[in-house]
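Me: I have a model open and want to learn how to read its features. Can we go through them one by one?

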Amino acid sequence: MSEKLVNRVVLLDGGMGQELIKRSKSKPHPLWSAKVLHDEPKLVEDAHADFIRSGAKIITLSTYSITPERLARDGDVSLFKELQSKALKVALRARDRMRAFDVRIAGCLPPLFGSYHPEVAPEFEEGVERYLTLVEQQYKELDLFICETMSSIKEAKAAITAAKNYNIETWCSFSIEDNDKSLLRSKESLQKALTAVNNLGHEANLLNCSVPEAISAAIKKLDFSSKCFGAYANGFTSIDALRLGGTVDSLEAREELTPSVYAKFVSDWVSSGIKIVGGCCEISPAHIKEIHDFLLQNEYELVSTLNP
């Protein structure tokens, strides 16, 4: 493998939901990012633009809470198609505004009912059908899908299968417990999860929405030889307070996880062989800029794809 290929890294954006908490004057809602997209789309566009300005080569649609399941529980399911379309238009406007035509746009396949609760995920066959509803709204104008914050094997398999039904580039990102045990939120082992999904034809595995220390511990146990790997942590003190249908302001940010501190975690991951990095909840444009500068200073080539 050439040195040039070894030193290529994809830089993702950071956490949209918590970024919007900081920017909006509205009271947090169970469908927070969806509500801001509906009521204040310019804030979402500006956040996308700021992540691009900070160096992100991939931005993800702000559709994490726009699932029929969450809209039916906490909002109005009739808004599903309108909000999905609006999220794409806002992301495209941000990219055009920044004239960042090398930036790719990722669709989001999130947990259907809410983060960190694998016990409510449907069984595989039903999950595939439900995820197809999301894929069909997004796939035509996207560059790839990220199945993110997957907290169980069945959830991950269903999301990947739905996305690959349309033969689009797909990444699968697992959320693990915030300790050094490398277990999914479902208590299934990360290694078992990777073995279960690695024959589904997706292009990359990642870890996200877990504390950086847990991700670092997991990375030390992984074999990167079979598939490209990535990581993007959150900056929460704990996720225990978040309930299904709850609001994101119930969680607290880690004040000590400054951009420079987070970039040190990312530098260790990249040194270990991680090829896709970025941030999840509470990781701001300033954090992404710090990572961007570190990578350039250390002669990494920032790219939007690892394909030859």
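Reply: Ground rules come in two sentences. This is a predicted model, where local features need pLDDT of at least 70, side-chain atom pairs count only at pLDDT 80 or more, and totals for chains, interfaces and linings use all residues. Residues are numbered from 1 along each chain as its sequence is written, and side-chain values use heavy atoms, with hydrogens and water left out.

Me: How many aromatic pairs does a search of the whole structure find?

Reply: A pair of aromatic rings is described by the distance of the centres and the angle of the planes. Rings of Phe, Tyr and Trp (its six-membered ring) pair if their centres lie within 6.5 Å; planes under 30 degrees apart are stacked, over 60 edge-to-face, and the rest tilted. The search finds two pairs here. Tyr139 and Tyr166 have ring centres 4.1 Å apart and planes at 35°, so this pair is tilted. Tyr139 sits in the loop between helix H7 (124-138) and strand E4 (144-150), and Tyr166 in the loop between helix H8 (153-164) and strand E5 (170-174), so the pair ties together parts 27 residues apart in sequence. Helices (H or I, at least four residues) and strands (E, at least two) are DSSP runs, numbered from the N terminus.

Me: Are Tyr139 and Tyr166 buried, exposed or partly exposed?

Reply: Buried means under 20% relative accessible area, exposed over 50%, partly exposed in between (1.4 Å probe, protein chains only). Tyr139 has 24% relative accessibility, so it counts as partly exposed. Tyr166, at 27%, also counts as partly exposed. In the other pair, the ring centres of Tyr262 and Trp269 are 6.0 Å apart and the planes stand at 85°, so that pair is edge-to-face. Tyr262 and Trp269 are both buried.

Me: Which residue lies over the face of Phe124?

Reply: A charge sits over a ring if NZ of Lys or CZ of Arg is within 6 Å of the ring centre and within 35 degrees of the ring normal. Here Lys157 lies over the face of Phe124, 5.8 Å from the ring centre.

Me: At what angle do helix H4 and helix H6 pack?

Reply: Axes are lines fitted to C-alpha atoms, for helices over the stretch in contact; angles run from 0 to 180 degrees between N-to-C directions. Helix H4 (residues 41-53) and helix H6 (residues 80-98) pack at about 45°, with axes 8 Å apart. Angles under 35 degrees count as roughly parallel, over 145 as roughly antiparallel, 65 to 115 as roughly perpendicular and the rest as oblique. H4 and H6 are therefore oblique.

Me: What about H8 and helix H9?

Reply: H8 and helix H9 (residues 190-197) pack at about 25°, with axes 10 Å apart. They are therefore roughly parallel. Ile153, Ala156, Lys157 and Ile160 of H8 meet Lys192, Ala193, Ala196 and Val197 of H9. Contact means heavy atoms within 4.5 Å.

Me: Where is Tyr116, and what is its phi?

Reply: Most residues other than glycine have a negative phi. Tyr116 has a positive phi, near 70°. Tyr116 lies in the loop between strand E3 (104-109) and H7, and is buried at 9% relative accessibility. Asn167 also has a positive phi, about 55°. Asn167 is in the loop between H8 and E5 and counts as exposed at 67%.

Me: Which residues are in contact with Ala218, leaving aside its neighbours within four places in sequence?

Reply: Those residues are Ile176, Ser182, Leu190 and Leu207. Ala218 belongs to helix H10 (residues 212-219). Ala218 is buried, at 0% relative accessibility.
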